[in-house]
Amino acid sequence: MGKRLAAGVASALFGCAAAPLGAPAAPAPRPRAAALSEPPVARAEPTPPPASEPVEEPAPPRFTCPDGMALVLRVQGPYCVDRWEASLVMVEPGGSAKPWPPNQRVDGKESRISAVTVPGTKPQGYISGKQAARACEHAGKRLCEIDEWVLACRGPARTIYPYGNERRARVCNDRYKKLDNHPVTRLFEKHAPPGTDPARMWWPEWMNDPRLFDLDHSVAPTGSFAGCTNEYGVYDMVGNLHEWVADEEGTFFGGYLMDTFQNGEGCEYRTTAHPYDYHDYSTGFRCCADARRDE
């Protein structure tokens, strides 16, 4: 009886003891699943950045030219070109200036001449490239570079003639189909002594005769041919007078009153047969300058 009681007590005391060695471990408790009725956790939306102030784009630069000059824009940079073929003024020792006759040579007076560009007056002929460069310099300008001259002549549309791609009669001061009424031929035939060799008419003494400007069908006042222009508003770049450019080897462009096609068409007309110090009644010029940027 006593032994059975002791065994029962022992069994009661040690029934909750750890499992014997080698027994499998009890599984870990699973986390409680969320109730179906529990609302999902809301995610915070990112706050949008404040609206920025509109950025004002800088205005494109503006360029201006001196009076009597036209602005020409190009990739290499803007520049200015005389609207009309140049005339000259002679600067007196006291600083005053007076117009110089356009049919008078300026040999020996190069230090006193200055270029001007005005409408309605006969432009200066009888001038060399070297003299023309001095006149532009004294006016605060320069002779046009070749590409500047050609671009200004062809205009924004890049035409062969200022007014278009087809040569037309009586638009500029040039002979269209007949090279008639040549000033030099008419002057020689009227005034040369009998028996003079006709070849002499092309010598400097006749080619520089001031009476050539006084004949009809000769050099016209600037801007007289209203259609001989383009959108830039430059006149007489084809016909009237040859125009020197900045080439010390000697080059003039545009043709003159007798011819605008034999040495190239219109704005591409180029004469390279004379040195930079050559002049006759047909040689003239116009100036270019750097454009001024407005601040």
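Modeller: Start with two residues: Phe-188 and Trp-206 are both buried, where buried means under 20% relative accessible area with a 1.4 Å probe and protein chains only. This is a predicted model, in which local features need pLDDT of at least 70 and side-chain atom pairs count only at pLDDT 80 or more, while totals for chains, interfaces and linings use all residues. Residues are numbered from 1 along each chain as its sequence is written, and side-chain values use heavy atoms, without hydrogens and water.

Colleague: How is a pair of aromatic rings described?

Modeller: By the distance of the centres and the angle of the planes. Rings of Phe, Tyr and Trp (its six-membered ring) pair if their centres lie within 6.5 Å; planes under 30 degrees apart are stacked, over 60 edge-to-face, and the rest tilted.

Colleague: How many aromatic pairs does the structure hold?

Modeller: Eight. The rings of Tyr-161 and Tyr-163 are stacked because their centres are 5.5 Å apart and their planes at 25 degrees. Tyr-161 is buried, at 0% relative accessible area, and Tyr-163 counts as buried at 17%. Phe-188 and Trp-206 form an edge-to-face pair, with 5.2 Å between centres and 70 degrees between planes.

Colleague: Which residues have the most contacts inside the largest nonpolar core?

Modeller: A nonpolar core is a set of buried Ala, Val, Leu, Ile, Met, Phe, Trp, Tyr and Cys residues joined through side-chain atoms within 4.5 Å. The largest here has 23 residues, and Val-72, Tyr-79, Val-81 and Trp-149 have the most contacts inside it.

How values were computed
Buried means under 20% relative accessible area, exposed over 50%, partly exposed in between (1.4 Å probe, protein chains only).
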